[in-house]
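Q: I have this one open on my screen and would like to talk it through with you. Can we start with the aromatic residues and move on from there?

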Amino acid sequence: IAAWLDRRNDTVDDLQAVYFARASESARRAGFSRTVAWDDVLQAGGAPSIVHAWRGQSGSPVSDDPWLVRAATSGIDVVTSHGLYLTAGNSVDADLVVAWQDVYDRDILAPLQGENASAADRVLGAEAPVWGTSVDRLTWDHVAWPRLAVLAERLWTPPDRFTPGNYTAFLPRLMLLRCRLLASTPVAVSPLDDYPSVDKRSFLEQCDALRWPRLL
């Protein structure tokens, strides 16, 4: 690769653009009408059908999501995972600890308010990646749940029915989901340490108070 770049006097961005162009052509020949690529391709000058925005900008809040904005305002559909990586590290939001409250309060359309509001239709959704190098089959469930369910709730809730920071109605349903997952699989769901349990009831007693269907 280094020799190829030297011969052409190209940069890594140039190489990525060439690679993406060839990969896209191969996909089209195979019958695929749309291509998806990381936001790095935008930096290299490519124009995929869908951009996967994952990077931020040093010193900026997670909510800025600059590559989502760049893609959407350029007329390109976009999916974001910026600030939603459930395993920090590997230079992806390495200093970010994503609590379930952070996931719940995240508004992926917030960067497109004001003069960029018309580009919001380009946002297809979001995902919460988990680095396979940071988990194994014994720890994956604990890392992913219940935050995956929280993201699903957030993305499926109409904006006019959502209030950031208001967990009053949501938290009992999240607790109920944890009861069901632990009882039926069991799935090693992370505890909800901030669930109100001042009466020191046991976990099963808390579940029973939520009128959950016993599966054991």
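**Aromatics, core and charges**

A: Let us begin with Phe 170, which counts as buried because its relative accessibility is 4%; please keep in mind throughout that this is a predicted model.

Q: Which residue does Phe 170 form a stacked aromatic pair with?

A: Phe 170 stacks with Tyr 104, with 4.6 Å centre to centre and 20° between the planes. The two come from distant parts of the chain, since Tyr 104 belongs to helix 5 and Phe 170 to helix 8, 66 residues apart.

Q: And Tyr 104, buried or exposed?

A: Tyr 104 is buried, because its relative accessibility is 7%, and the cut-off for buried is under 20%.

Q: Which residues form the aromatic cluster?

A: Trp 100, Tyr 104, Phe 162, Tyr 167 and Phe 170 form one cluster, and the structure holds seven aromatic pairs. Phe 162 also has the charged end of Arg 154 over its ring, 3.5 Å from the ring centre.

Q: Switching to the core, which residues touch the most other members?

A: In the largest nonpolar core, which has 33 residues, those are Leu 68, Val 78, Trp 100, Leu 112, Val 150 and Leu 174. Helix 4 gives the most to this core, with five residues.

Q: What is Leu 174 in contact with, leaving aside its neighbours within four places in sequence?

A: Leu 174 is in contact with Trp 100, Pro 146, Val 150 and Leu 192.

Q: Now charges: how many salt bridges does the structure hold?

A: The structure holds nine salt bridges. One of them joins Arg 106 to Asp 65, with the closest N and O atoms 3.2 Å apart; this pair links a loop between helix 5 and strand 4 to a loop between strand 2 and helix 4, 41 residues apart, and both residues are buried.

Q: What about Arg 29 and Glu 25, where do they lie?

A: Both lie in helix 2 (residues 12–29), four residues apart, about one turn of the helix, and their closest N and O atoms are 3.8 Å apart. Arg 29 is exposed, with a relative accessible area of 61%, whereas Glu 25 is partly exposed, at 34%. Together with Arg 28, they are linked in a network of salt bridges.

Q: Last topic, confidence: where is it lowest and where is it highest?

A: Helix 9 (residues 203–209) is lowest, at a mean of 69, and strand 3 (residues 77–80) is highest, at 95. Over residues 89–95, the pLDDT is below 50, while the mean for the chain is 81 and 85% of its residues reach 70 or more.

Terms used
Residues are numbered from 1 along each chain as its sequence is written. This is a predicted model: local features need pLDDT of at least 70, side-chain atom pairs count only at pLDDT 80 or more; totals for chains, interfaces and linings use all residues. Side-chain values use heavy atoms; hydrogens and water are left out. pLDDT is the predictor's confidence in each residue, from 0 to 100. Contact means heavy atoms within 4.5 Å. A nonpolar core is a set of buried Ala, Val, Leu, Ile, Met, Phe, Trp, Tyr and Cys residues joined through side-chain atoms within 4.5 Å. Buried means under 20% relative accessible area, exposed over 50%, partly exposed in between (1.4 Å probe, protein chains only). Rings of Phe, Tyr and Trp (its six-membered ring) pair if their centres lie within 6.5 Å; planes under 30 degrees apart count as stacked, over 60 as edge-to-face and the rest as tilted. A charge sits over a ring if NZ of Lys or CZ of Arg is within 6 Å of the ring centre and within 35 degrees of the ring normal. A salt bridge is a side-chain nitrogen of Lys or Arg within 4 Å of a carboxyl oxygen of Asp or Glu.
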